[in-house]
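Let's take a walk through a protein model together, one stop at a time. Please have a look at the sequence and the structure first.

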Amino acid sequence: MTQFYKPSGKFSLQFILYFLLVSLVAFPILGLIYAYCIWYIPFVYINLFIAIGFGLLVSICISKFVIKKGKVRNPTLAFAIGFFAGIIALYFHWSVWIDLVFNAGQSYGSERIGVTVSNIEFLQVFSLILQPSVVFENICNVNEYGTWGIRGATASGTFLWVIWAIEFVIVVGLSSYLPFLEAKKPFSETTNSWYEEFVLPALTYIENKQQIIADIASNNHSGFDFLNKDVNHESENHSVFTLYKSKSGKNYLTIENKTSSLDSKGKIEFNSEELAEYILIDGQLSKILLEK
C-alpha cells in the first residue's frame, strides 16, 4: 500500500521564544512600513496588492523563524500561530496608522485624488501600542468620519468596515495558511530535523497519472524512463517533482503537473494539478530523479 507522510503533531516549546522575538522585532517594522505605504499611496487597487504583500511577509517570518526553527510539526497549531501573528502585525499597523491620523498636516492634490502629509511620533505610537482600548476607540472614530475617499466620496461607516474586513481576511488568511503548509512538510523524528527539499528542473508532462502512482507503490523504476528535462517550462506543459531527503533513509516526493493555457490577453499561464503529496519512495528512485 502506498504510504504518505503524516506530521507527528509534535513541536518544540522553543517556538514560543521565536514567536515573541518575531512579534517584537519584525512585526513593528513591517507594521510601520505597511502603514506608511497605505497612507501615502492613495490608490485602493494598489493598496490591495500591498495588503497581500504585507500578509505574505508576515507568513514568511512565521514560517521560517517560528515553524521551522521551533520545529512545529502540528499543522493546526501552525495555523493558530499564523492567525495570531496576523492579528498582532495588524495591530502594530493600526497603532502607527492612527498616529499618522493624529499628526495629519497639509493635504495636496484634488478632490478625486490626493495625499495628506503626516509623520509619526515614536513615543506617541509606543503609548498607543500599550493602550488597545484607545486604538480601537480611534478606529471607530475614523470609521465614522473617514480619512480617504473614492471618486470624490469619503469612505466611512459600513463601507469602510467592509474594506477593513477584506484587509483583515487577506492579511490573517495568508499569515495562517502558509505556516499551515510549512508544518505539513516532512520532518524526521529520528534525526530531529526537517527533510532537505529539492525542487527538480521541469520534466516531461505526466499523461497517465494513476500509473505513475502505481509505479511508485510497486518500486517500478522503469516507469520513470520517459521523464526528461528537455522541456520549455515557460511555454510547454510539464511536471514538477519536489524531493524530500533525510539521513534517516526515507525519502518523500510531491508531484505536480503544470498545464499551459492562454489568458484573455494572450499570455501563457499555468494551472497546477497535484498528483501526489509527500509520497514515500525508495532511495534508488530518489537517485534516478536527481540524476535526471
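Is N257 buried or exposed? Keep in mind that you are looking at a predicted model. N257 has a relative accessible area of 0%, and a residue counts as buried when that value is under 20%, so N257 is buried. You can find N257 in strand β9, which covers residues 251-262. From there, its side chain reaches the backbone oxygen of I206 at 2.9 Å. Leaving out residues up to four places away in sequence, N257 touches several others, including Y205, K209, H238 and E273.

Now turn to helix α1, residues 14-40.

Which residues of α1 are buried? Among them are F15, F19, V22, F27, L30, Y34 and I38. Here is a handy idea to keep in mind while you look at that list: an α-helix has 3.6 residues a turn, so residues three or four places apart point the same way.

Next comes the largest nonpolar core, which has 42 residues. In soluble globular proteins, nonpolar side chains tend to be buried together. Within this core, F27, F54, I62, I81, W94 and W97 touch the most other members. Helices α1, α2 (44-68), α3, α4 (122-129), α5 (132-145) and α6 (157-183) each give two or more residues to this core. The most come from α3, with 12 residues. For a closer look, pick I62: beyond residues up to four places away in sequence, its contacts include F19, V22 and F27, as well as I81, A85 and P179. There is also a second, separate core of 18 residues, and L227, I281, L285 and L289 are included in it.

Our last stop is D99, in helix α3 (residues 75-102). Is D99 buried or exposed? D99 is buried, because its relative accessible area is 0%, below the 20% cut-off. Not counting residues up to four places away in sequence, D99 touches I120, E121, Q124, V125 and L128. Compare that with F180, which is 81 residues away from D99 in sequence and 33 Å away in space, C-alpha to C-alpha.

How values were computed
Residues numbered from 1 in each chain as written. Predicted model: local features only at pLDDT ≥ 70, side-chain atom pairs only at ≥ 80, totals over all residues. Heavy atoms only, no water. Helix = DSSP H or I, 4+ residues; strand = E, 2+ residues; numbered from the N terminus. Buried < 20%, exposed > 50% of the residue type's maximum accessible area, 1.4 Å probe, protein only. Polar contact = N/O pair within 3.5 Å; in protein donor to acceptor, adjacent residues only side chain to side chain. Contact = heavy atoms within 4.5 Å. Core = buried A, V, L, I, M, F, W, Y, C linked by side-chain atoms within 4.5 Å.
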